[in-house]
Amino acid sequence: MYYEDDAFTDPWSKPETVVLHHGNAKSSRLWYAWVPLLARDFRVIRVDARGFGRSSVPAPGYPWSLEGFATDLIHLMDHLGIDKAHLIGETIGGTIALQTAYQFPDRLRTVTACTSPYKFKGIQSYLDYYKMVKDQGVEAWVRQTADRRLEPGKSDPRHHEWYIQQMSQTAQHVVLETLAYLATVDLTSVLPKITMPALVMVGEHSTMNTPERAQGMAALLPRAKLMQIPGASGYVQHSAPEQCVAIWRDWMRSLG
């Protein structure tokens with residue numbers, strides 16, 4: 001399991017740890033803008049989940065699950081000697097973060113989900129994506145859905161293309177198998193059992209800012225705060241990282 005470990009805190013301090021978890025068909029590289037904004041005050045761990053980025057890729061037929069991703073993450077924390085962390089996930093990484101909060105509540109201080117879904121079962125788009133990846137490949141799927149991640153006209157075209165190229169490196173069988181698994185997932189009954197502080201972030205103008213996604217998630221989490229980033233569109237963790245980190249820091253201060 002590949003990871004990046006950054007800390008630019010005072011050498012004599014004992015900073016708390018922030019773990020950043022990417023979404024499906026992505027990697028730790030997508031968090032590049034968050035590191036300098038956090039690492040002066042926190043130890044920042046960016047992970048490449050099993051099968052993604054620079055981590056080992058399982059052979060076809062691996063039994064993918066949220067529980068497995070959560071367990072991998074806790075094993076990494078054990079390896080690094082991290083007792084507790086603040087966990088921040090983006091898109092499916094946020095779903096994995098919520099599963100981790102439910103499965104291992106004693107290992108997290110807070111949980112944050114950025115533009116993340118909690119219910120996939122019964123959502124036709126995941127089945128459509130599966131067919132697209134199977135018939136046309138990973139890059140075709142990424143390109144045909146790219147504008148919802150970074151909205152054209154509101155983002156640097158070079159960022160847009162780099163994002164596409166990063167996602168397109170993911171093995172086709174991994175994308176297919178994880179999409180097939182995710183189409184069975186629904187955390188509706190799990191979220192009310194997560195009692196730690198939770199932050200749900202989404203762009204004000206994002207297509208994901210709906211009652212079925214960010215708003216519904218926040219309503220189900222007992223100690224959640226929903227932050228709709230003003231004026232932001234696309235996947236806000238990538239389109240407006242400075243705003244996201246500033247809001248996360250303000251939220252942390254409000255928790256004392």
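This is a predicted model: local features need pLDDT of at least 70, side-chain atom pairs count only at pLDDT 80 or more; totals for chains, interfaces and linings use all residues.
In soluble globular proteins, nonpolar side chains tend to be buried together.

Helix α7 spans residues 172–182, and its buried residues are Val174, Val175, Leu176, Thr178, Leu179, Tyr181 and Leu182. These buried residues pack against α2 (66–79), α3 (92–103), α4 (124–136) and α5 (138–145). The loop between α6 (157–168) and α7 contains Thr170, which is buried because its relative accessible area is 9%, under the 20% limit. The side chain of Thr170 reaches the backbone oxygen of Ala25 at 3.2 Å. With neighbours within four places in sequence left aside, Thr170 is in contact with Ala25, Lys26, Gly51, Phe52, Val138 and Val175; Val175 is also one of the buried residues of α7.

Helix α10 (residues 241–255) has 15 residues, which at 1.5 Å a residue should span 21 Å; the end C-alpha atoms are 21 Å apart, in agreement with this expectation. The buried residues of α10 are Pro241, Cys244, Val245, Ile247, Trp248, Trp251 and Met252. They cover an arc of only 160 degrees around the axis and therefore lie on the same side of α10. Glu242, Arg253 and Ser254, on the other side of α10, are exposed. An α-helix has 3.6 residues a turn, so residues three or four places apart point the same way. Gly256 follows α10 and has a positive phi, near 80 degrees.

Positive phi values also occur at residues other than glycine. Thr91, in the loop between β4 (85–90) and α3, has a positive phi of about 45 degrees and counts as buried at 5% relative accessibility. Thr115, in the loop between β5 (108–114) and α4, has a phi near 50 degrees and is buried, with a relative accessible area of 2%.

A search of the whole structure finds 16 salt bridges. Glu4 forms a salt bridge with Arg54, the closest N and O atoms being 3.8 Å apart. Because Glu4 lies in strand β1 (residues 3–6) and Arg54 in the loop between β3 (43–47) and α2, this pair ties together parts that are 50 residues apart in sequence. Glu4 is partly exposed at 22% relative accessible area, and Arg54 is partly exposed at 35%. Glu4, Asp48 and Arg54 are linked in a network of salt bridges.

The side chains of Asp10 and Arg40 meet in a salt bridge with an N to O distance of 3.0 Å. Asp10 lies in the loop between β1 and β2 (17–21) and Arg40 in the loop between α1 (35–38) and β3, so that the pair links parts of the chain 30 residues apart. Asp10 counts as partly exposed at 29% relative accessibility, as does Arg40 with a relative accessible area of 45%.

Glu90 forms a salt bridge with Lys26, the closest N and O atoms being 3.0 Å apart. Glu90 lies in strand β4 and Lys26 in the loop between β2 and α1, so this pair connects parts 64 residues apart in sequence. Glu90 is buried, with a relative accessible area of 0%, and Lys26 counts as buried at 3%.

Technical notes:
Residues are numbered from 1 along each chain as its sequence is written. Side-chain values use heavy atoms; hydrogens and water are left out. Buried means under 20% relative accessible area, exposed over 50%, partly exposed in between (1.4 Å probe, protein chains only). Helices (H or I, at least four residues) and strands (E, at least two) are DSSP runs, numbered from the N terminus. Contact means heavy atoms within 4.5 Å. The expected span of a helix is 1.5 Å times one less than its number of residues. The arc is that of the directions from the helix axis to the C-beta atoms. A polar contact is a pair of N or O atoms within 3.5 Å; within protein, one must be able to donate a hydrogen and the other to accept it, and residues adjacent in sequence count only if both atoms are side-chain atoms. A salt bridge is a side-chain nitrogen of Lys or Arg within 4 Å of a carboxyl oxygen of Asp or Glu.
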